[in-house]
Amino acid sequence: MTSAVERLAARVGEAVGAEVELERPKDPAHGDFATNVALRSAKAIGRSPRDLAQELAEKVVELEEIESADVAGPGFLNLRVGDRFYLDALAEIDERYGGGWVDRPERVQVEMVSANPTGPIVVSAARNGAYGDSVARLLEFGGHHVTREYYYNDAGRQVELFRASVDALRRGEEVPEEGYKGSYVADLAKLEGDPVPPMLASIERTMERFHIHFDSWALQSELEQRLAEFLPRLDTYEKDGALWARSSAYGDDADWVIIRSPEKGGTPTYRAADIVYLVDKLERGLDRAMYVLGADHHATAKWYRAIARMLGYDESRVEVLLYQFVHLTRGGESAKASKRSGNVFLLDDFMDEIGVDAARWYLVNRGPDQTIDVDLDLAAEESAKNPVYYVQYAHARIASILRSAGDAQDGADPPGPLAREEKELIKRLTDFPVTVREAAERRGPQLLPAYAIRLADDFHRFYQERRVLGVPEQAFRLDLIRKTQLVIARALNLIGVDAPESM
RNA sequence: GCGCCCGUAGCUCAGCGGAAGAGCGGCGGCCUUCUAAGCCGUUGGUCGGGGGUUCGAAUCCUCCCGGGCGCACCA
């Protein structure tokens with residue numbers, strides 16, 4: 001399937017005899033579309049870019065869909081297109097618009113959040129989910145088969161400390177010095193049995209509320225038990241009584257212990273489980289295993305790739321998505337995000353304060369490489385001005401018009417030339433497929449909020465200047481806003497935000 | 001010391017090889033008409049600094065300065 005913009009680029013390319021990419025100028029004075037073909041090819045032919053551009057402009061303007069072609073700046077070709085282009089572009093928009101670009105679908109697993117079940121999900125871990133889930137949604141929309149998995153440690157030191165903390169309270173004793181002290185520990189102490197399952201259930205409820213659904217949950221303890229099967233496939237050596245993986249020979253910065261020395265209990269480390277887990281993923285039919293890791297785990301990206309190579313897998317099947325920290329402050333003071341102290345900001349509290357949608361938006365709005373600073377005192381105050389509501393409002397406004405329209409006809413061509421606001425809106429809609437695909441391929445969902453704001457901008461301006469109901473253009477405009485609504489809803493959905501019918 | 005990331009408007013940040021942007025804040029306008037959570041105007045920047053590559057650099061390379069996070073037989 002080719003889009004109206006791609007078809008236009010092909011036609012222009014044919015006219016000038018070169019591969020042409022069309023871009024949307026930021027400044028509307030620079031036309032509807034622009035291309036730099038002249039700048040690109042001038043040097044090879046040994047001509048001045050502006051001269052060449054002038055010659056190409058004369059050819060391009062012959063095309064029926066092109067209204068004008070002007071040379072600008074160092075040799076850009078600025079194009080204006082006629083109404084036919086806009087109407088064609090609008091006609092191709094439906095529920096699947098912008099998606100399904102993948103030629104060869106992969107089975108992809110995105111493993112994310114994966115916080116130890118020793119306490120509730122905190123805001124910094126939520127960024128992991130907001131980012132990972134948005135990438136997952138983008139890949140799904142492109143046509144991949146995506147599953148989301150939560151991996152947790154149910155047997156390590158931290159979890160034992162957590163269990164010991166709950167047990168201590170049950171016996172009426174103080175929580176151990178290094179133990180977990182949040183009020184949730186006391187709540188769990190009121191129940192019977194292992195506190196891990198109820199803790200996990202609580203985490204799952206929080207994630208569902210945050211619009212993240214996990215398809216599967218993996219346990220570290222089960223994986224560790226299968227280590228023996230894979231030892232022969234590994235490059236290992238013994239030192240100081242422990243068994244080491246020679247990961248430095250496969251691109252990592254160091255070697256790591258996978259089985260502790262007898263003095264330390266002779267038990268497998270979490271890195272042993274990593275190995276089994278990776279094999280399990282790649283052997284159970286995944287084409288690609290994605291890990292979502294925070295800044296404190298950046299170094300393990302090399303480890304994952306190293307063990308993939310050590311085991312003889314194509315390391316491109318392992319992909320690590322890295323993101324920077326969420327730094328919490330309260331009134332200028334740093335609020336430490338340590339689950340142990342209980343002095344933390346929980347995702348549930350964050351959602352209570354600013355709402356689920358603003359929380360999702362907030363955590364995915366910045367690029368993954370950017371540290372997020374959250375001033376908790378300002379977050380609630382600012383949440384009312386969050387751009388997410390600006391975008392949702394555009395969606396709700398459209399819903400309102402459609403309700404008033406009842407079952408009125410839509411879809412006819414407009415009775416006259418398109419208004420400026422209509423053209424701008426349609427042009428923005430044609431940006432959507434490009435934006436979505438780039439966001440997916442760059443693993444950069446932050447492009448979506450930025451796009452959604454632009455689209456809402458164009459809609460609000462259209463709404464301000466043009467009536468939909470009770471005018472000769474009604475049928476056409478109903479079609480236009482219906483499609484605008486579809487795209488807004490899709491852009492929001494891809495970052496896990498709801499598109500309300502009313503506000 | 002080594003590794004990863006960041007330094008763009010007063011604040012928080014997009015932009016990642018083509019013609020400097022948004023939100024918030026400040027100032028001034030627009031509601032008998034489909035939701036004013038809206039619209040319009042205005043204010044505001046040696047894109048941390050030096051060198052380099054390129055027809056063209058906020059964007060790529062390099063050095064420096066400033067900041068975050070790692071560098072366990074914890075996870």
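**Helix packing and RNA contacts**

Helix α17 (residues 420-442) packs against helix α19 (residues 474-493) with axes 11 Å apart and an angle of about 35°. Helices are DSSP runs (H or I, at least four residues) and strands are E runs of at least two, numbered from the N terminus; axes are lines fitted to C-alpha atoms, for helices over the stretch in contact, with angles from 0 to 180 degrees between N-to-C directions. This is a predicted model, in which local features need pLDDT of at least 70 and side-chain atom pairs pLDDT 80 or more, while totals for chains, interfaces and linings use all residues. Residues are numbered from 1 along each chain, chains are lettered from A and ligands numbered from 1 as written, and side-chain values use heavy atoms without hydrogens and water.

Student: Is the crossing of α17 and α19 left-handed or right-handed?

Tutor: A crossing is left-handed if the near helix is turned anticlockwise from the far one by less than a right angle, and right-handed if clockwise. For α17 and α19, the crossing is left-handed.

Student: Which element gives the most to the surface near RNA strand B?

Tutor: A residue is near the strand if one of its heavy atoms lies within 4 Å of it. Of the 63 residues around RNA strand B, those that come nearest include Tyr 393 and Ser 400. With nine residues, the element giving the most is α16.

Student: How far is a polar side-chain atom of Tyr 390 from a phosphate oxygen of RNA strand B?

Tutor: A polar contact here is a pair of N or O atoms within 3.5 Å. For Tyr 390, the distance from a polar side-chain atom to a phosphate oxygen is 2.5 Å.

Definitions and conventions: A polar contact is a pair of N or O atoms within 3.5 Å; within protein, one must be able to donate a hydrogen and the other to accept it, and residues adjacent in sequence count only if both atoms are side-chain atoms.
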